[in-house]
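Please look through the sequence and the structure shown here before reading on. The paragraphs that follow lead through the model part by part.

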Amino acid sequence: TLNRVRAVIDATGARTPADLDPGKVSRVLADWRSRETEPLCTQTTNHYVRCVKAFSRWLWTEMRSPDDALRSLKTLNARADRRRARRPLS
C-alpha cells in the first residue's frame, strides 16, 4: 500500500497534503493505463485509487489536512477491461 501511495504522489508532484488533487491523480492513472510498454489494467489502477484515497482520508481523520482532498475520486468499472478470463479450478 505504501509503495502505491508513494508512486502516485511522486507522479503527481505533490509535496504537501494541500497539493493532492483528484484531477492530477486521475490523469496520472490514465497515463499509466494507456502507456505503450506494460500498461496497467483498470483493476490495478483501482487498487492505486483505493490506496491513495485511504491515505487522504487518514490525513483528514488525523487532522493533518483540513479536508479529504481525494473524496471525489472514483474507481472505474474493471469488468469493462478484462485482460484475463478467470475460471474456477476443476
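Glu-38 is exposed, with a relative accessible area of 69%, where exposed stands for over 50% relative accessible area, buried for under 20% and partly exposed for what lies in between, computed with a 1.4 Å probe on protein chains only. Glu-38 belongs to the loop between α2 and α3, and although Glu-38 is not a glycine, its phi is positive, at about 50 degrees. The loop between α2 and α3 also holds Glu-36, which counts as exposed because its relative accessibility is 80%. From Glu-36 to Ala-69 the chain runs 33 residues in sequence, and the two lie 30 Å apart in space, C-alpha to C-alpha. A positive phi, near 60 degrees, is also found in Met-63, a residue other than glycine; Met-63 lies in the segment after α3 and, at 76% relative accessibility, counts as exposed.

The model is a predicted one, in which local features need pLDDT of at least 70 and side-chain atom pairs count only at pLDDT 80 or more, while totals for chains, interfaces and linings use all residues. Residues are numbered from 1 along each chain as its sequence is written, and side-chain values use heavy atoms, with hydrogens and water left out.

Read along the sequence, the protein chain follows the pattern α-α-α, with three helices and zero strands; helices (H or I, at least four residues) and strands (E, at least two) are DSSP runs, numbered from the N terminus. Taken along the principal axes, the C-alpha atoms of the protein chain fill a box of roughly 50 × 30 × 20 Å. Of the 90 residues of the protein chain, 29% count as buried. Among the contacts in the protein chain with a separation of 6 or more, 55% come from residues 24 or more positions apart, a contact being heavy atoms within 4.5 Å.

How do the helices lie against each other? Two packed helices are described by the angle between their axes and the distance between the axes. Here axes are lines fitted to C-alpha atoms, for helices over the stretch in contact, and angles run from 0 to 180 degrees between N-to-C directions. The axes of helix α1 (residues 2-12) and α2 come within 9 Å and cross at roughly 105 degrees, so α1 is roughly perpendicular to α2, given that angles of 65 to 115 degrees count as roughly perpendicular, under 35 as roughly parallel, over 145 as roughly antiparallel and the rest as oblique. On the α1 side this contact is made by Ala-7, Val-8, Ala-11 and Thr-12, and on the α2 side by Lys-24, Val-25, Val-28, Leu-29 and Trp-32.

The axes of α1 and α3 come within 9 Å and cross at roughly 90 degrees, which means that α1 is roughly perpendicular to α3. Arg-4, Val-5, Ala-7, Val-8 and Ile-9 of α1 make this contact with His-47, Tyr-48, Cys-51, Val-52 and Phe-55 of α3.

Which aromatic rings pair up? A search of the whole structure finds two aromatic pairs, where rings of Phe, Tyr and Trp (its six-membered ring) pair if their centres lie within 6.5 Å, and planes under 30 degrees apart count as stacked, over 60 as edge-to-face and the rest as tilted. Trp-32 and Tyr-48 form an edge-to-face pair, 5.3 Å centre to centre with 70 degrees between the planes. This pair links distant parts of the chain, with Trp-32 in helix α2 (residues 22-34) and Tyr-48 in helix α3 (residues 42-61), 16 residues apart. Trp-32 counts as buried because its relative accessibility is 16%, and Tyr-48 is buried, with a relative accessible area of 16%.

Phe-55 and Trp-58 form a stacked pair, at 6.1 Å centre to centre and 20 degrees between the planes. Because they are three residues apart in helix α3, Phe-55 and Trp-58 are separated by about one helical turn. Phe-55, at 26% relative accessibility, counts as partly exposed, and Trp-58 is partly exposed, with a relative accessible area of 37%.

Arg-4 lies over the face of Tyr-48, at 5.3 Å from the ring centre; a charge sits over a ring if NZ of Lys or CZ of Arg is within 6 Å of the ring centre and within 35 degrees of the ring normal.

A search of the whole structure finds zero disulfides, a disulfide being a pair of cysteine sulfur atoms within 2.5 Å. Cys-41 is in no disulfide, and the nearest cysteine sulfur, that of Cys-51, is 14 Å away. Cys-51 counts as buried, at 11% relative accessibility.
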